[in-house]
Each structure stands twice: as structure tokens, then as C-alpha cells.
Amino acid sequence: MLDKVKDLIGDVQSFKSTSKEEIEAFRIKYLGSKGLLKELFNEFKTVDASLKKDLGQALNNLRNAASNKVQELNDSLENQIESKSIYGDLTRPAEPIELGSRHPISIVRNRIIEVFSKIGFTVSEGPEIEDDWHNFTALNLPEYHPARDMQDTFFIEQNPDILLRTHTSSVQVRYMEENEPPIRTISPGRVFRNEDISARAHCIFHQVEGLYIDTDVSFADLKQTLLYFTKEMFGKSKIRLRPSYFPFTEPSAEVDIYWGLETEIDHKITKGTGWLEIMGCGMVDPNVLKNANIDSEKYTGYAFGMGIERIAMLLYQIPDIRMFYENDVRFLEQFKSVL
């Protein structure tokens, strides 16, 4: 009987399993109420007294070995289940990680900021819900000024002096109020105008407006800044300035770049002229400086502004401005490789 017990100890120690059912069957076989240990202890009572010491010790060793084996296998099984629940099946093939993409408006916005930051322009931001003073009056657009009709405005009904900003020039006013010249800043942001939505216009769009104020700032400085920007942004250095009107700049101009007529698309987007309008600009009106408490006798400055969507449409040949706001994954995935 002693040899039988020793053989059973060896069987217990060599037993391995990763099945919960097999482990439970093993436990019942040895430790159950009708298991082998129960039978062996019953036989132990009839064994000769001279053998009981060695046999009793062997039976205890068998019981301990069986209990430890069951505990060890159950612990191992629980660890495997916990690991699988956290990490999944570690043996399965890895799935490719989908590469995200930036929105084209963000790409162009960041590129514009990068270009101007190289020549000392900082970024300034302001509220999208603005008051009449910063959006209109301080920018030489007093109440009932006819030029206000150029910008169809979303007013807040509860307070007619509160509105959704129509341009980021309001940020420039706030910046001038809080900072003394020299000032060199650009103001990117979202603006709102009550316009019909079409392929070329939207009621929500984005602008970047620039402002430089210092002593002896001239129109020549403005032109050199624009030449630098068009060369860095588009790789084109031929521009023209057409006289225009903006209430907050005088003189004012529209800026065109020569896009060329090398392809059929060039003919289409330039209407056969080779020229494309990209922004407006001008010298800051002295009244705007006075409204921001800046000495217009001592300081002069220039300002410019452009639509980010317009620039993005030119760079990526996007035919419809509405595509920027439809969240079509097929459209956005095309910009995965663009930083």
C-alpha cells in the first residue's frame, strides 16, 4: 500500500491541465468525499501498527500534494483569464493601426501661422461672441454706417449689441487695447455671416488677419510682407495690388497672385486670366488707432486678412466649400499624409 501511495504522489505532481473541468475532476478524484484519499484513509485503519507511521506520513504527503496542485492550477487559470481580458488574445495577428488625419482647414491654418511666425508675428485670439464696439464701431464702422451691410451679421436677439463676430479684426482691436506698439500679430479664427450656403460661400468660415503697427510703417513694408507670404505659401512671387475699399484701412487693396495658365484647371479657376484674388489689405485707418488709444501721429501700421477655406481650396483644388463641413471620411482621409 505504501508503494501505491508513493506512485499516486508522483501522478499528482506530474499532473498538468489548463481546463477548468479537468482540474475539478482531478480534485474530486483525490479530495472528493468519495475520492482516493478517502478510500486510502479507510484502508489505513486496518494496516499493521508497525507500518502506520510511514504510511500515515505518505498519505498526508499525498493529500498536501493534491491540495497544492489544485490551488496551483486554479491560480494559473485565473491569471490567464485576467490577462486575456485585459490584452485580448496575445497570439492573434496584430491589426493595423489606422492613421488619423488633420482637417485641411487645420493644415492650412497651421501653415499660415508657421510662415508668419518666421518674421516675428505672434498669434492672438479672442471671443467668437463679440460686442458691437469691437466688431464694428472701433473699426471705423459707427452705427448706421452703410459698410455694415457688407457683412450680414448674426445678432443675439436678447441684446442687439451682442453678435457673432463677422471677422477676426475684432481680435486686433482687443490686442491693440491691451498692448503698446510695436505690435506684430496674426489672428486666426472662426467667423460667422448670415449668407446663403453655396459651393463658394458658407455662413461659417475661418480667417487669418494680420496687423503690424510701429513707427514709420509704410505701404512698401506691407507689399514686402505679402511677397514673402505668397512665395512661402504658394511658391509664387508675382502679385498685384488693386485699389479697393475697407472701412478700417486707407488706402486699401485687394491682393492677387499670378497662378499661371499651364493646365486646364488653371484656366478654370482663374477664368482664363491667370490671376487669383487671395486677400484684402491696407494701411490702418488713423481713426482705428485712436479708438484703440494709440497715437496716430506717432504710429502707423498695415493690416491684411484672408479666408483659410479659400487658401485651402486653391492649394488642394477643392471645388466646393461645403466639403469642409460635411465630415465625409472619404474626403478627410485624403489628407492623411499631410502634416
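Reply: Thr-166 lies in the loop that runs between β4 (159–164) and α7, helices (at least four residues) and strands (at least two) being DSSP runs numbered from the N terminus. The model is predicted, so local features require pLDDT of at least 70 and side-chain atom pairs pLDDT 80 or more, while totals for chains, interfaces and linings use all residues. Residues are numbered from 1 along each chain, and side-chain values use heavy atoms, without hydrogens or water.

Thr-166 counts as buried because its relative accessibility is 0% (buried: under 20%, 1.4 Å probe). Its side chain makes a polar contact of 3.1 Å with that of Asn-135 (N or O atoms within 3.5 Å, donor to acceptor).

A pocket is an open set of 1 Å grid points with protein on both sides within 12 Å along at least five of seven lines, lined by residues with an atom within 4 Å. The volume of the largest pocket is about 980 Å³. Its lining comprises 43 residues, of which Arg-193, Phe-205, Gln-207, Met-306 and Gly-307 are the closest to the centre. β9 provides the largest share of this lining, six residues. By class, the lining of the largest pocket holds 23 nonpolar, eleven polar and nine charged residues, with Gly counted as polar.

Technical notes. 1 Å grid on protein atoms, 1.4 Å probe; cavity = no way out; pocket = protein on both sides within 12 Å on 5 of 7 lines; lining within 4 Å. Points joined across faces, edges and corners; volume = space filled by probe spheres on them. Buried < 20%, exposed > 50% of the residue type's maximum accessible area, 1.4 Å probe, protein only.
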